[in-house]
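Work through the exercises below with the model open. Try each task before you read its solution.

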Amino acid sequence: MTTAILIKGAALPSGTRTDILVRGRLIAELGSNLSEAGATLIDADGLTALPGLVDLHTHLREPGFEQSETVLTGSRAAAIGGFTVVHAMANTLPVADTAGVVEQVQSLGNAAGYVTVRPIGAVSVGLQGSQLAEIGAMAHSRARVRVFSDDGKCVSDALLMRRALEYVTTFDGVVAQHAQEPRLTEGAQMNEGAVSGELGLAGWPAVAEEAIIARDVLLAQHVGARIHICHLSTAGSVEVVRWAKARGIQVTAEVTPHHLLLTEDLVRSYDARYKVNPPLRREEDVQALRAGLADGTIDIVATDHAPHPPESKDCEWEAASMGMVGLESALSVVQASVVDNGMLDWRDVARVLSSGPARIGRLDGYAEGITVGAPAEFTLYDPTARRVFGREQLRGKGANSPYLEFELPGRVLTTVHHGYATVLDGELVDAESIAKNAAVPHG
Amino acid sequence: MRHLLSTRDLDREEAIGILDVAEDMAEVQNREVRKLPTLRGRTVVNLFFEDSTRTRISFEAAAKRLSADVINFSAKGSSVSKGESLKDTAQTLASIGADAVVVRHPASGAPQVLAQSDWIEAGIINAGDGTHEHPTQGLLDAFTIRRRLHGRTARGKALDGVSVSIVGDILHSRVARSNVWLLTSLGANVRLVAPATLLPVGVTGWPVTIGYDLDDAIAERPDVVMMLRIQAERMSGGFFPNAREYSRRWGLDDARFNALPPTSIVMHPGPMNRGLEISSRAADSDRSTVLEQVTNGVSVRMAVLYLVLSTGKGPA
């Protein structure tokens with residue numbers, strides 16, 4: 001048995017002040033003046049307790065690209081960011097397109113013990129976009145995969161997409177589409193518009209994203225499937241999803257923290273840390289994404305945490321890899337972009353970063369948030385903190401954060417996962433203790 | 001001037017200042033001994049990640065006429081996967097003791113990345129980066145126009161009210177970009193003429209007028225017509241149906257050349273595709289500045305090397 005934990009005086013997302021008593025893997029009691037002999041006491045005065053954050057879009061890179069990230073290092077980056085669940089994208093080597101690979105990734109996650117690692121299965125064999133992967137085998141494996149994605153590549157073939165949407169329905173799964181029309185984005189380097197024309201970088205038109213979303217929501221409607229759109233990045237995409245939802249199409253959508261905060265103007269530096277897929281867009285797009293998140297058109301925030309080794313970014317723009325790390329900074333960036341300006345409150349944050357992604361991923365235990373009897377998965381966050389975000393805040397292997405030297409609000413001080421703390425006093429609990437806690441059987 | 005990365009960074013006074021120094025350098029070119037001792041002991045590296053014999057020998061001639069030591073470094077294959085990285089190459093040059101590095105690179109922004117990095121302290125001169133800029137080409141074009149218009153009294157002057165039509169593949173042209181920013185800073189009125197497929201999406205925000213029709217542009221009696229080279233790969237890229245149609249619509253053929261006012265000058269950055277974007281008659285006429293541009297290129301590059309190396313690190 002792990003030791004009981006007693007949190008004193010935390011503010012729930014609703015604003016209600018409460019103590020939280022954790023026993024075993026569950027939240028045992030809520031209320032004021034709780035006490036428990038022998039419990040680890042945590043003073044949460046002034047802190048906000050958020051349900052454990054769930055990332056629907058994480059690149060853990062293992063197996064195959066361990067120089068960029070491993071399941072363990074990515075899990076540590078997640079925990080320090082307040083996450084208790086990550087969904088690991090399928091673009092590993094080998095690709096997560098069989099039951100064997102997804103089970104391996106899941107068991108690496110269980111052994112690391114910082115977060116629940118839920119593998120995402122590939123839609124097509126080898127992400128090649130020509131033949132369906134073993135979706136049924138992955139769905140029925142120990143990993144119980146429910147989200148399928150060729151992320152990094154678009155399922156561009158309309159017939160394959162139709163079949164995938166239909167087939168996944170059989171297993172109550174969802175296809176998460178990386179919407180990028182490949183022919184319109186050959187060699188594309190940044191958002192196509194005024195800045196790309198000036199910088200002489202090949203343009204990545206908004207329509208390449210919007211056209212695929214429009215096609216796919218219509219396909220989903222036709223076959224009665226649900227569909228999830230990864231990393232919306234344009235104002236037009238928000239409009240298309242809004243239209244689809246109004247028609248009753250079962251579509252959900254995500255936005256990344258960086259698309260809520262950063263614009264293409266940063267590319268003027270040719271600093272490859274700002275190179276990402278989809279690319280940073282215009283200020284108008286950022287505003288539309290924020291409004292879409294606030295009005296529910298966009299369901300969730302997902303990080304698209306994409307670590308790369310230094311040599312992949314320390315070079316000329318065109319040679320650089322696309323992607324940014326985001327787990328460690330996600331909550332702070334959400335606060336900076338949509339909470340501090342009043343567009344979202346903390347209940348909304350709990351919805352877009354915890355219950356929402358859990359619902360899309362068919363993950364149990366996150367629907368009700370911090371309630372008695374719910375799994376003890378939460379994080380204590382100090383929204384009044386301010387810090388210059390630096391390399392020392394990163395806990396994964398990747399240093400390719402776009403926020404280095406930005407001043408960001410907020411700080412995660414404690415994260416509790418499976419009833420034990422993975423973060424205490426703003427620092428990760430050591431890997432050995434976590435692995436030991438994770439190995440304790442439960443039932 | 002610490003570096004020269006783009007003409008967009010140059011304001012009107014700075015640009016006139018560079019052109020005036022280039023006039024001084026041009027005077028030296030008319031002397032019996034064309035060499036100045038100014039940069040003796042300084043090392044200039046021509047770092048070319050992309051073939052360009054014309055630009056390289058122009059910089060080489062410029063550096064040698066200022067008595068600098070010149071190292072030519074041809075480093076084709078720029079990305080990590082193909083060979084040595086930009087970073088390692090830069091650190092190697094820093095260790096050799098380069099005082100200025102003239103960079104030609106197929107990736108837009110590569111010279112700026114070098115200048116911002118802590119890999120190398122040397123002054124960086126952009127000799128053409130991807131489809132971004134080719135600032136010394138812009139400067140030598142402005143210099144050529146100014147000399148044609150003002151002759152020996154060019155010093156201190158800008159290009160106010162001069163009308164310039166730039167014709168061809170604007171989308172992929174670093175020459176066009178450098179000319180647009182520089183010529184408009186100097187007060188010229190620039191018109192871009194191209195099929196819509198060869199104009200960047202954001203071009204409406206540029207300080208220029210846009211036209212699709214070359215005959216219309218010629219009817220407005222421009223002081224300067226600058227023809228851009230059509231690259232072979234654009235012809236297969238679906239930007240226009242074929243070379244014949246391009247030539248018919250956007251080539252400076254004999255009829256269009258005859259329709260130009262007798263005072264108009266015809267420019268081309270070279271190398272030319274004769275018979276495609278420019279007819280031989282236009283290219284070889286006395287209104288063509290093609291060879292003057294090459295001569296002036298050496299003077300302008302001498303000026304840029306001098307200005308960068310006299311403000312860079314190390315003994316001046």
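The exercises that follow treat a predicted model.

**Exercise 1. Overall form of chain A**

Task: Decide whether the radius of gyration of chain A agrees or disagrees with that of a compact globule.

Solution: 
- Start with the length. Chain A has 443 residues, for which a compact globule would have a radius of gyration near 22 Å.
- Now take the value for the model. Chain A has 21 Å, which agrees.
- Along the principal axes, the C-alpha atoms of chain A fill a box of roughly 65 × 45 × 45 Å.
- Check burial. In chain A, 59% of the 443 residues count as buried.
- Look at the contacts with a separation of 6 or more. In chain A, 75% of these come from residues 24 or more positions apart.
- Finish with the secondary structure. Chain A holds twelve helices and 19 strands.

**Exercise 2. A helix pair in chain A**

Task: Describe how α1 (residues 71-80) and α2 (residues 99-112) of chain A pack.

Solution: 
- Get the geometry. The axes of α1(A) and α2(A) are 9 Å apart, at an angle of about 60 degrees.
- Classify the angle. Roughly perpendicular begins at 65 degrees and roughly parallel ends under 35. α1(A) and α2(A) are therefore oblique to each other.
- Assign the hand. The crossing of α1(A) past α2(A) is right-handed.
- List the residues. From α1(A) come Val71(A), Leu72(A) and Ser75(A); they meet Val105(A), Leu108(A), Gly109(A) and Ala112(A) of α2(A).
- Sort them. This contact has five nonpolar residues, two polar and no charged.
- Recall the helix repeat. An α-helix has 3.6 residues a turn, so residues three or four places apart point the same way.

**Exercise 3. A covered helix**

Task: Which residues of α10(A) are buried?

Solution: 
- Locate the helix. α10 of chain A runs over residues 330-339.
- Count. Nine of the ten residues of α10(A) are buried, and the helix is mostly covered.
- Name them. They are Ala330(A), Leu331(A), Ser332(A), Val333(A), Val334(A), Gln335(A), Ala336(A), Ser337(A) and Val338(A).

**Exercise 4. A loop glycine in chain B**

Task: Is Gly238(B) buried or exposed?

Solution: 
- Gly238(B) sits in the loop between α8 (232-236) and α9 (243-250) of chain B.
- Count neighbours. Gly238(B) has 8 C-beta neighbours inside 10 Å. The limit for exposed is 12 or fewer, so Gly238(B) counts as exposed.
- Relate it to Thr197(B). Gly238(B) and Thr197(B) are 41 residues apart in sequence, but 8.9 Å apart from C-alpha to C-alpha.

**Exercise 5. The interface**

Task: Describe the side of chain B that touches chain A.

Solution: 
- Count both sides. In chain B, 23 residues are in contact with 19 residues of chain A.
- Find the elements. α3 (86-96), α4 (110-116) and α6 (174-185) of chain B each give two or more residues to this side.
- Pick the largest share. α4(B) supplies it, with three residues.
- Sort by type. This side of chain B has eight nonpolar residues, twelve polar and three charged.

Terms used: Residues are numbered from 1 along each chain as its sequence is written. Chains are lettered from A and ligands numbered from 1 in the order in which they are written. This is a predicted model: local features need pLDDT of at least 70, side-chain atom pairs count only at pLDDT 80 or more; totals for chains, interfaces and linings use all residues. Two residues are in contact if their C-beta atoms, placed from the backbone, lie within 7 Å. Helices (H or I, at least four residues) and strands (E, at least two) are DSSP runs, numbered from the N terminus. Ala, Val, Leu, Ile, Met, Phe, Trp, Tyr, Cys and Pro count as nonpolar, Asp, Glu, Lys and Arg as charged, and the others, Gly among them, as polar. The radius of gyration is taken over C-alpha atoms; the globule rule is 2.2 Å times the number of residues to the power 0.38. A residue is buried if 20 or more other C-beta atoms lie within 10 Å of its own, exposed if 12 or fewer, and partly exposed in between; C-beta atoms are placed from the backbone. Axes are lines fitted to C-alpha atoms, for helices over the stretch in contact, and angles run from 0 to 180 degrees between N-to-C directions. Angles under 35 degrees count as roughly parallel, over 145 as roughly antiparallel, 65 to 115 as roughly perpendicular and the rest as oblique. A crossing is left-handed if the near helix is turned anticlockwise from the far one by less than a right angle, and right-handed if clockwise.
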